[in-house]
Amino acid sequence: MSLLPITLACGPYDRTRALADGRVKVAGADLRYLTLDPEEIFFRMVTHGEFDVSEMSLATYLITRDQARDNGGGAGAPFVAIPVFPSRMFRHTSVYVNRDRLPGTDGDPAATAGALTGATVGLAEYQLTANVWIRGILAEHYGVPLESVRYRTGGLNSPGRHEKIAISLPPSIDIAPIPPGRTLSDMLAAGEIDALYSPRAPRSFATGTGSVRRLFADTRAEEYERAVATMGADYWSYGLEPNRHVLSTFARYAASQHLIGQAPDPAGLFAPETGEEFVI
């Protein structure tokens with residue numbers, strides 16, 4: 001019997017390494033695992049549908065699903081998801097500031113985050129999953145309303161980046177692209193923007209010199225101090241039920257940030273056959 005050829009594009013994660021090196025086989029399939037960065041995977045999958053299976057931005061998945069529904073039903077959605085989450089992070093580490101523009105108060109996390117109100121913030125893309133989490137966390141837990149920040153979009157370390165798919169935002173969201181040929185990293189270092197929400201560290205921070213720092217001085221205390229107490233021992237769990245609250249929260253954030261029309265029930269986000277299994 002010939003095996004079904006399947007191409008899987010995914011990041012270089014420890015939890016998927018056994019698929020990548022062939023120690024774990026997919027029954028009936030000849031699996032080709034392509035190790036790529038998430039930005040390349042998402043762009044190639046969304047724009048050209050190049051892979052049979054891929055890691056996918058949760059935000060982009062919700063947007064494409066919502067747009068398909070608006071255009072005549074969810075059956076036309078380009079992707080079908082399964083409740084497997086290969087990449088998960090807390091996002092307090094992903095907020096960077098120019099210390100000369102937003103000196104903040106490192107001893108008080110709420111006051112530090114509050115300095116963002118009225119700031120100009122750079123984003124590679126408004127729709128990035130990491131940025132949905134950051135805006136939601138800052139609004140819900142630190143009192144930084146969505147509309148209190150001016151957003152400027154563009155490439156992080158190279159110029160020319162744009163949204164993977166078109167999004168429609170209300171006039172209350174002040175958002176515009178940065179000038180051609182410029183990067184968010186350089187603009188943050190120069191003080192032309194006050195802050196940056198980014199899942200990747202900007203080059204101007206990675207050098208370890210200059211005025212770019214993280215917003216939260218002690219990100220570990222903000223992210224991990226009570227992780228087990230809050231989320232349980234298996235806080236990187238898979239499947240629907242252990243992640244229902246996380247998915248509901250993210251969907252609520254995405255709706256409140258005008259990326260989707262209405263927060264969906266998490267149970268409807270995944271292929272129906274993943275919600276139950278046979279019993280002997």
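What relative accessible area does Asp37 have, and does that make the residue buried, exposed or partly exposed?

Modeller: Asp37 has a relative accessible area of 44%, which means partly exposed; buried is under 20%, exposed is over 50%, and partly exposed is in between, with a 1.4 Å probe and protein chains only. Before going further: this is a predicted model, where local features need pLDDT of at least 70 and side-chain atom pairs count only at pLDDT 80 or more, while totals for chains, interfaces and linings use all residues. Residues are numbered from 1 along each chain as its sequence is written, and side-chain values use heavy atoms, with hydrogens and water left out.

The structure holds 15 salt bridges, each being a side-chain nitrogen of Lys or Arg within 4 Å of a carboxyl oxygen of Asp or Glu. In one of them, Asp37 meets the side chain of Arg200 at 3.7 Å, N to O. That pair links distant parts of the chain, 163 residues apart: Asp37 sits in the loop between strand 2 and helix 2 (38-48), and Arg200 in the loop between strand 8 and helix 7 (203-206). Helices here are DSSP runs of H or I with at least four residues, strands are runs of E with at least two, and both are numbered from the N terminus. Arg200 is partly exposed as well, at 38% relative accessible area.

Glu125 forms a salt bridge with Arg161, the closest N and O atoms being 2.9 Å apart. Glu125 lies in the loop between strand 5 and helix 5 and Arg161 in the loop between strand 6 and strand 7, so this pair ties together parts 36 residues apart in sequence. Glu125 is buried, with a relative accessible area of 2%, whereas Arg161, at 28%, counts as partly exposed. Glu125 also forms a salt bridge with Lys164, where the closest N and O atoms are 3.2 Å apart. Here too distant parts of the chain are linked, with Lys164 in the loop between strand 6 and strand 7, 39 residues from Glu125. Lys164 counts as buried at 13% relative accessibility. Back at Asp37, salt bridges that share partners join Asp37, Glu39 and Arg200 into one network.

Next, the strands. Strands of a sheet pair through backbone hydrogen bonds, either parallel or antiparallel; two strands count as paired if DSSP finds at least two bridges between them. Strand 5 (residues 120-123) runs parallel to strand 6 (residues 150-153), with four bridges joining them. Between these two, the chain crosses through helix 5 (residues 129-142), and this β-α-β crossover is right-handed: with the strands pointing away from the viewer, the path from the first strand over the helix to the second runs clockwise. Strand 5 also pairs in the parallel sense with strand 8 (residues 195-197), over three bridges. Leu123 stands opposite Thr153 in strand 6 and opposite Tyr197 in strand 8. Both faces of strand 5 are covered, with Thr120 and Gly122 buried on one side and Val121 and Leu123 buried on the other. Strand 6 in turn is joined to strand 7 (residues 175-177) by three bridges, again parallel, and Tyr151 stands opposite Ile175 there.

There's an open sheet of three strands, too, in the order 2-1-3 with parallel pairing. Its edge strands, strand 2 (29-35) and strand 3 (53-54), each pair on one side only. Strand 3 is joined to strand 1 (residues 4-10) by two bridges, and Leu8 stands opposite Val53.

Last, the aromatics. A search of the whole structure finds six aromatic pairs, counted when ring centres of Phe, Tyr and Trp (its six-membered ring) lie within 6.5 Å; planes under 30 degrees apart are stacked, over 60 edge-to-face and the rest tilted. Phe85 and Phe270 have their ring centres 6.3 Å apart and their planes at 75°, so that pair is edge-to-face. Phe85 is in the loop between helix 3 and strand 4 and Phe270 in the segment after helix 10, so the contact ties together parts 185 residues apart in sequence. Both Phe85 and Phe270 are buried. Elsewhere, Trp133, Phe250 and Tyr253 form one aromatic cluster.
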